[in-house]
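Subject: Structure for you to look at

Hello,

I am passing on the structure we talked about, with notes on its backbone below. Please have it open while you read.

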Amino acid sequence: MKKRYAFAISLSIMMALSLVVAGAARRGVAASGDKVAAAAIGSTIANFKLSDTSGKEQTLSALKGTNGTVLIFISTQCPVVRDYMERIGKLAADYKERGVNVIGINANASESMDDVKAHIAANNLTFPVMKDKGNKVADQLGAERTPEVFFLDAANKLVYHGRIDNHRNISLVNANDLRDAIDATLAGKPVVKAEASAFGCTIKRAS
Amino acid sequence: MRYSFYLLPGLAMLALSLTPAGQPQHARSASAAAAAAAPLIHRPAATLVAFNPLKGAAQEVVTGKTGQAHKTKKGETATRVAVVREIDLEALKKLLQRGTGTDARPLLVNFWATWCVPCREEFPDLVKINSDYAKRNLEVITISLDDPSEIKTTVPQFLREVRAGNLPAYLLNVIDPDIAINTIDPQWRGALPATFLYDASGQMVFKHTGRFDTRELRAAIDKVTTAR
């Protein structure tokens, strides 16, 4: 009995101590800026609303694919996004017949609906691009840069978050993280690399 | 001795809690976790001076006439040279190392690119901070994420425009940015610009993604610098 008490007391003291130390360590870095907490891998993304280019309201429920949904935050101005537009278009075409929809989301307050329309026309985009007014969806998902991907499975569970691949220069790509995640999900397998980062432009949020 | 068994679970939790600030709160890839395992690195201050990140591979571009000086708008003397050094992941890690001696310096690192509008907008403030805090022992470096093909053109041109000749400038060339990003800060996801401040011991004390607020950044620098 005494041993049980000793164990419980020891564990309690160490837990309390660890929380204090961890809290102090985290207070060591003052973070500021546009950073928002990203949705956790495995969490289910709640339904949201976006505006299509005609100004009509669309929901995730209406936009989602039968087998999954790729949400990509893009920009009309970001040079990194520009380098990826062709790849995103091909991705949308490749997976459409397999029940995965690609949705472009523009959350930049500095880019108007007219800018979005012109960008779609200039790039002959065949996948829908939505305007995230007030960056509400960007806040909900924790998106902070363009391009940034959130891949949801058929049940809207987040299974991959991050980059499209490892390099904006297509000749240097050796890791197709997004395609790997989609292929794994469609095959009913777990995603091996659920998060991967890359450099990109900050989303210009509404002040 | 017999109580050591009861202490083990608690000690394990304590050890976990001692991971440095900024460690990921969610699952990461094994390579990313390994890269992030030791963001606080010590080495003798003396070797800091001798360190050459160009060793092994790098490319160096010098614009203007080496050694010449010119007058800035405020009459300060600054060299006209804008040096952009290409670095890889290992060189990046070495750049972040701080000394352990009394002459160890706090470090301000700014990640930027010429194609990034807020990066360009905040750069003059960075140049001013470098100038203002030189006497307070602050080391300031800038790391460009431009394409390596622009190391001789766009990057030094911009640096010359903003009179950043005195600011050590590097261009990071990595095939997999995820490892580099996690080396700096596992919570950073690569959005530019990004600014990180380390104290003289190498501990990150301030970070900011997006265009920084000059007053906020200077207040953070004031806390880790002292007049020489």
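N137(B) has 16 C-beta neighbours inside 10 Å, so it counts as partly exposed. To count as buried, a residue would need 20 or more other C-beta atoms within that distance. Please keep in mind that this is a predicted model.

The backbone at N137(B) is also worth a look: phi is positive there, about 70 degrees, although the residue is not a glycine. On the chain, N137(B) sits in the loop that runs between α5 (117–132) and β6 (139–144) of chain B.

Chain B has a further entry of this kind at R163(B), which is not a glycine either and has a positive phi of about 55 degrees. Its loop lies between α6 (154–161) and β7 (169–172) of chain B. Is R163(B) buried or exposed? R163(B) is buried, because 20 other C-beta atoms lie within 10 Å, and the cut-off for buried is 20 or more.

Next, the cis peptide bonds.

In chain A, the bond from T146(A) to P147(A) is cis, and its omega is near -10 degrees. P147(A) belongs to the loop between β7 (145–146) and β8 (148–153) of chain A.

In chain B, the bond leading from L192(B) to P193(B) is cis, with omega near -5 degrees. Here P193(B) is in the loop between β8 (191–192) and β9 (194–198) of chain B.

Regards

How values were computed: Residues are numbered from 1 along each chain as its sequence is written. Chains are lettered from A and ligands numbered from 1 in the order in which they are written. This is a predicted model: local features need pLDDT of at least 70, side-chain atom pairs count only at pLDDT 80 or more; totals for chains, interfaces and linings use all residues. Helices (H or I, at least four residues) and strands (E, at least two) are DSSP runs, numbered from the N terminus. A residue is buried if 20 or more other C-beta atoms lie within 10 Å of its own, exposed if 12 or fewer, and partly exposed in between; C-beta atoms are placed from the backbone.
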